[in-house]
Amino acid sequence: MSIRTIIYKNIIERQGKTILILLGLSLAIAALVSVVAINRSIERAVGRQLDDYGFNIIITPKKQGFELEYGGLTLGSVDSGAADTLSAADLKTVREISRETGGIRGLSPKLLKRDSIGNTDVVLAGTDLRQERQIKDWWLIEAGRYPETADELFIGQSIADLLGLRPGDVVELHEEQFTVAGILMKTGSQDDTIIFIDLDRLRQLSGGEGKLHLIEIAAKTTADVGPVAKRLAEALPNATVQSVQEAVRLQEHTFDYLLRFGLGVNIGILTITALIIFTMTASAVNERRAEIGVLRAVGFRRSVIFRIILGEAAALGVVGGLFGLGLAILSLSALPLVLDSTWAASLVSAGMTVETELVQDFQPVFDATLLPLAVITAVIVSVGAGVVPARRAADLDPVEALKSL
Amino acid sequence: MDMKNNLLELAGISKTYGEERTKVTALDEINLTIAAGEFVAIMGPSGSGKSTLLSILGAMNSPSTGHMHVDDIDVYGLSAERQADFRREYLGFVFQQLQLLPYLTAVENVMLPLVVTSAKNLEERATAVLERVGLSGKLDRLPSELSGGEQGRVAIARAVVNEPPILLADEPTGSLDSETTDDILGLFAELHRDKQTIIMVTHNMETVRDANRLIRLKDGRVVADGPVA
């Protein structure tokens, strides 16, 4: 027998109190773990969206006609005859800022053109294919290879499937022939619906010498996005500089607010749980006065009594933390089903597209750090709530405790 | 203090409770010496100070004045934690309500004083003592599964398992029927024959039959101290 035996048997003996403490602690920890896991899930979903968009900044002309979606942003009129375009001078300015700030990893100027192949409308994106590949280094090739000459095309998988195109197929555009070099593996972004073509070749076809519809820029780090975007906006007063990250982060802030609220509620729950544990432990100490008197009489030091009471609290903390973690895993595992059927539908109907994507992307993230988070938090709450009652128990006068003596 | 004969010495022990105006004197100038191997019974009417005296002898209640020495140790000169060590090493307690821990088995209750020592073979030692008090077949019973007499035996076994020089008993038969009382007193007599020093507080003259010294208290003072008649 050891001190641990006394702790263990006492916990078992006081089943009613033990179950109540474990119940409160498990629910509080489950709520905390759920909030943290949801937070991580959303961070991951946001990160995935940023990856999908690939670039951090888009520069477009300021005046625009009807709209075209690109990269999660609404762009202006393309090839409508009335839209303004960026110039070669704008591109030069961007390159200068790239050298000046050192915060740009790569940039890809683009000329977009609506066209048709057969009876199918398509969007051609004229770009420096080498630079495009450089800033979209996550691209995977579904079939074929990446273009090596200006007569080759790289095609998004969705439009390739629609047109029935495969690597090696020849496509005629404005009476000029191009060979499909490769098919881009599905990215889940607008790139799946675009035909990528050499920028100069598209200019020859469309007659847009020197003109650009947009410039995509990849910043070196997330921290570079803000300063670079600001510097570009200052240098290009006739252009709109949009940060894709900002657009997504804006949505993230909405979730962040909700999560902060959740964590605030959670702190409240943990505080209430701590108060419940404090009350129950204090009550248990009171009930155990005679027992504590016996232990003191047979030679248990105050420090040992203190350790016994806190040991019980710590043991309940460990068990409560594990139960709470298990409860959180069970409930969060069921959450995507609920989100798919209800929340996502309500977001769609409210027109909240980015939020909808985040919700649809939601998969609870369970990693190894949740275990120490759950157990350590539960132990801190339980032991923290037990300190004062344990101190009182240790300070009990054995004569007072043992009224019979 | 004569170490050859005297194990315990109380010198000028007084105990008062309350402030000046409400002061109550529980013990007044008690001077006692108790030799090793004595079986001392302390008797007195309610409020005579016998429980206070026992709690002072038990190193759990600091006297207002005076000293208590055991084996040349000034007990109340020790820190609170060292007093706990003293109780563990020098004293065994048998409480009036026996005070067995309800969630521990008989053998675990007996092991209790040994848990906070560096003693080895705790279970073997506790088992041996329980066998000595005739409970070898009930080691793993909870107190609720034992009769009153058996619970008393477990309480005595717990008090002597660490082989303390002094055994303190507070009305150990107060809650027992007459048959069980005889049983328990028989055990005390047996321990006394084995040279165990015993100090027992009681209000029942019948229970002092095996004691070899009787101290009578009244109003916090020793009014008689001599052999049991």
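**Legends to the close-up views**

**Figure 1. B:E163 is placed in the loop that runs between α5 and β7 of chain B.** The view belongs to a predicted model, in which local features need pLDDT of at least 70 and side-chain atom pairs count only at pLDDT 80 or more, while totals for chains, interfaces and linings use all residues. Residues are numbered from 1 along each chain as its sequence is written, with chains lettered from A and ligands numbered from 1 in the order in which they are written. Helices (H or I, at least four residues) and strands (E, at least two) are DSSP runs, numbered from the N terminus. The phi angle of B:E163 is near 50°, a positive value in a residue other than glycine. B:E163 is exposed, having 10 other C-beta atoms within 10 Å. Burial is assigned from C-beta atoms placed from the backbone: a residue with 20 or more others within 10 Å of its own is buried, one with 12 or fewer is exposed, and one in between is partly exposed.

**Figure 2. B:Q99 occupies the loop between β6 and α3 of chain B.** Its phi is near 55°, a positive value in a residue other than glycine. Is B:Q99 buried or exposed? B:Q99 counts as buried because 25 other C-beta atoms lie within 10 Å.

**Figure 3. Helix α5 of chain B spans residues 148-160.** From the first C-alpha to the last, its 13 residues reach 19 Å, close to the 18 Å expected at 1.5 Å a residue; the expected span is 1.5 Å times one less than the number of residues. Because 10 of the 13 residues are buried, α5(B) is largely enclosed by the rest of the structure. The buried residues include B:Q151, B:G152, B:R153, B:V154 and B:A155, and B:I156, B:A157, B:R158, B:A159 and B:V160 are likewise buried. What do the buried residues of α5(B) pack against? Their partners are strands β6 (91-94) and β7 (166-170), together with helices α3, α4 and α6 (178-193), of chain B. Contact here requires C-beta atoms, placed from the backbone, to lie within 7 Å.

**Figure 4. Helices α3 (residues 106-115) and α4 (residues 122-132) of chain B pack at an angle of about 115°.** Their axes are 9 Å apart. Axes are lines fitted to C-alpha atoms, for helices over the stretch in contact, and angles run from 0 to 180 degrees between N-to-C directions. The crossing of α3(B) and α4(B) is right-handed; a crossing is right-handed if the near helix is turned clockwise from the far one by less than a right angle, and left-handed if anticlockwise. From α3(B), the residues B:A106, B:V107, B:V110, B:M111 and B:L114 take part. They meet B:L122, B:E123, B:R125, B:A126, B:T127, B:V129 and B:L130 of α4(B). Sorted by class, this contact has nine nonpolar, one polar and two charged residues. Ala, Val, Leu, Ile, Met, Phe, Trp, Tyr, Cys and Pro count as nonpolar, Asp, Glu, Lys and Arg as charged, and the others, Gly among them, as polar.

**Figure 5. A:M185 lies in the loop between β9 (176-184) and β10 (194-198) of chain A.** With 13 other C-beta atoms within 10 Å, A:M185 is partly exposed. Its contacts, leaving aside neighbours within four places in sequence, are A:L140, A:I141, A:E142 and A:Q157. The C-alpha atoms of A:M185 and A:W139 are separated by 7.2 Å, although these residues are 46 apart along the chain.

**Figure 6. A:H174 is found in the loop between β8 (170-173) and β9 of chain A.** A:H174 counts as exposed because it has 10 C-beta neighbours inside 10 Å. Its C-alpha atom is 9.0 Å from that of A:S206, 32 residues away along the chain.

**Figure 7. The contact between the chains takes 23 residues from chain A and 28 residues from chain B.** On the side of chain A that touches chain B, α1 (3-13), α9 (289-297), α10 (302-349) and α13 (398-401) each supply at least two residues. That side of chain A divides into 12 nonpolar, five polar and six charged residues.

**Figure 8. Confidence in chain A is lowest in strand β3 (residues 73-75), at a mean of 49.** The highest value, 94, belongs to strand β7 (residues 152-156) of chain A. Over residues 79-83 of chain A the pLDDT, the predictor's confidence in each residue from 0 to 100, is below 50. Beyond near neighbours in sequence, this stretch has 12 contacts in the model. Where pLDDT is low, the predicted coordinates should not be read in detail. Chain A averages a pLDDT of 81, with 80% of the residues scoring at least 70.

Note on methods: Contact = placed C-beta atoms within 7 Å.
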